[in-house]
Amino acid sequence: MSKSQFAVRVPAKYKTRTPTSDRQTHQNHPDPTHAKATKTRKPLKKKQGRFPRNPHSAVVSSPTPPVYSPPRIVMDTNMGPSPTAANGAVGCPASAHGAPIMSAAPAAGEASLGRHLARRLVQVGVGDVFAVPGDFNLTLLDHLIAEPGLRLIGCCNELNAGYAADGYARARGVGACAVTFTVGGLSVLNAIAGAYSENLPVICIAGGPNSNDYGTNRILHHTIGVPDFSQELRCFQTITCYQAVVTNLDDAHEQIDTAIATAMRESKPVYISISCNLPGLLHPTFTPDPVPLYLAPKMSNKMGLEAAVEATIQFLNKAVKPVLVAGPKLRVAKAGRAFGDLVDSSGYAYAIMPSAKGLVPETHPHFIGTYWGAVSTAFCAEIVESADAYLFAGPIFNDYSSVGYSFLLKKDKAIIVQPDRVTVGNGPAFGCIMMKEYLSELAKRVQKNTTAYENYKRIFVPEGHPLKGEANEALRVNVLFKHIQNMLTSDNAVLAETGDSWFNCQKLKLPEGCGYEFQMQYGSIGWSVGALLGYAQGANDKRVIACIGDGSFQVTAQDVSTMLRCEQNSIIFLINNGGYTIEVEIHDGPYNVIKNWNYTGLVDAIHNGEGKCWTAKVKCEEELTAAIETALGEKRDSFCFIEVIAHKDDTSKELLEWGSRVSAANSRPPNPQ
């Protein structure tokens, strides 16, 4: 979709600038700090066939726009399955307890701003919106609930709502959350920043002040006590690729469509603020059945593509033992299958970067493991770093993925393929090259070379198994993950929380079709609880297994409640080792020790007899085996929470190595001045 299709015409004084060139902002109200509050506005003249600029103008002669009132909401608080709504729109799945039930569908021919937004969300693939109500977004939530095919999932706080939208976007390709003005918007910022870092299209919708309050000297609640309402917008400008502040109906259609299209095109979050008095208003641009949102696919420059492929072929064909490495931006480029085709046709050994786990199959015979520098899968780093050519598809090189910048890679041996750019060795570089097309063309012309894989087979030694313990011996973490490995099928997905679970889960061998997610770039502890809620809601054909540390769980535990309301059957392994283990291995101190909770007791209290929930506390392998058997058998339709008691010093060897190297990188002295 070309930018010209979404040209936004606004007065220069209403435009805002964003620090980076790839961000767009549309703001159709003047900066209140520059407004002249004492200036008296002339009454608007009535014009035939046009809405006034301000739909709630106090001028008596202005026509009153028609208002769409959504059907009255009846909240069912009785136990047992809730009746299905007439239009299928409920707050949680139709059988969930306490789901808001709509009494009727909107009348034919009516179309409002709220209806248009809801319809657009459904069209791009959003079936669930994660929300926290507040007085500025309540009427908007009414319209989201009223839309067939759209469910509103009420969360315990905005941070978890944002994390849930993140997880949902991983499962469905796009996610959405709805919050109220400032107090909600600023609470969800951390989750939206994480989605930005992970290249996830999340649509963050905020209910804004009444449109009449912009440009006045009024001080509103939920603000910091000044008449400038732009604090929330300014915060979102650096962590979203587009911002729309909708304060009138004239260009609301264009702003909403542009924001959603930009999120899908850039695979980044966007921010949409809608004044609280607008969702129910009708406007000619809002039709009952809007034209479907069409996103023109990005295309490569054909001459550039041919030149890039030719340069790459020459580079790879003269190499003796080339290898392939998959990176996390394969998701953005939707190039996972194209990468697999290249593996098949080339015969190269291939590895994954840690944050690309789950994006390409691990069942292919030429898969050699995770390339993570000094903490790579056994024998993987040796093959990758000794290669005379390596193609990285969609990599992110940072201090975490490079283990404190300790990679032994050489630029002149590397081909770096980003979603829209290719760099071959020290040059040349080719722009406007779509990764998916590039890899597909490469697969058609590359010469087969199995040398690196044959070298791998020569040096490979199968890994051992954890030592057999005594009866009722204290449970070790490596024994726990041996049993989790045996649980995995194509019907599962794994979520790994920031911490030692990063390293233990990375060693799991994923069956074909088994999903895997973790947040490596941003690494926010507590992410996994909200993300589990969203991912399980989006991937309802999979039973999700989450490995979460006790410190992380304490940050976001509340939304176990929402999982129960939505009747999810996920399994959480809560690893209770008394603190922030990953921080201990980077730099220890008393601040890494936390107050111990009765975690199973907490979840039982949240359960409160409503919904299907089962908990267990395990201290030895025998208890763990019994708990897993119950979770997979008798309680397979229930949410299962298994608290694993582990020693505070029981960590993976990879964390010990990684922590020491990251600590060394963090403690580098200042460069000489």
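## Strand β9 and its neighbours

In this predicted model, glutamine 243 is the bridge partner of tyrosine 271 in β9, where helices (H or I, at least four residues) and strands (E, at least two) are DSSP runs numbered from the N terminus. Strand β8, covering residues 242–246, pairs with β9 in the parallel sense over four bridges, and two strands are said to pair if DSSP finds at least two bridges between them. From β8 the chain crosses through helix α6 (residues 252–266) to β9 in a right-handed β-α-β crossover; right-handed here means that, with the strands pointing away from the viewer, the path from the first strand over the helix to the second runs clockwise. Strand β7 (residues 202–208) also pairs with β9 in the parallel sense, over six bridges, and glycine 208 has serine 275 of β9 as its bridge partner.

Strand β9 itself, residues 270–275, is mostly covered, with six of its six residues buried; buried means under 20% relative accessible area, exposed over 50%, and partly exposed in between, with a 1.4 Å probe and protein chains only. Val270, Ile272 and Ile274 point one way from the strand, while Tyr271, Ser273 and Ser275 point the other way, and all are buried.

## The largest nonpolar core

The largest nonpolar core has 43 residues, and those with the most contacts inside it are Phe481, Phe573, Ile642 and Trp658. Such a core is a set of buried Ala, Val, Leu, Ile, Met, Phe, Trp, Tyr and Cys residues joined through side-chain atoms within 4.5 Å. Helix α13 (residues 477–487) gives the largest share of this core, six residues. Leaving aside residues up to four places away in sequence, isoleucine 642 touches Ile571, Ile572, Phe573, Leu574, Trp614, Ala616, Val618, Ala627 and Ala631, a contact being heavy atoms within 4.5 Å.

Most residues other than glycine have a negative phi, and most peptide bonds are trans. The peptide bond from glycine 427 to proline 428, however, is cis, with omega near 10°, and proline 428 sits in the loop between β15 (421–424) and β16 (429–431).

Lysine 334, in the loop between α8 (330–333) and α9 (336–346), has a positive phi near 55°, and this lysine counts as exposed because its relative accessibility is 62%. Valine 403, in the loop between β13 (390–393) and β14 (414–418), also has a positive phi near 55°, but valine 403 counts as buried because its relative accessibility is 0%.

## The chain as a whole and its confidence

The chain has 21 helices and 22 strands, and of its 673 residues 56% count as buried. Among contacts between residues at least 6 apart in sequence, 75% join residues at least 24 apart.

The average pLDDT, which is the predictor's confidence in each residue from 0 to 100, is 86 for the chain, and 84% of the residues score at least 70. Over residues 1–91 pLDDT stays under 50, and the model has 181 contacts beyond four places in sequence for this stretch; over residues 93–108 pLDDT likewise stays under 50, with 66 such contacts.

Residues are numbered from 1 along each chain as its sequence is written, and side-chain values use heavy atoms, with hydrogens and water left out. In this predicted model, local features need pLDDT of at least 70 and side-chain atom pairs count only at pLDDT 80 or more, whereas totals for chains, interfaces and linings use all residues.
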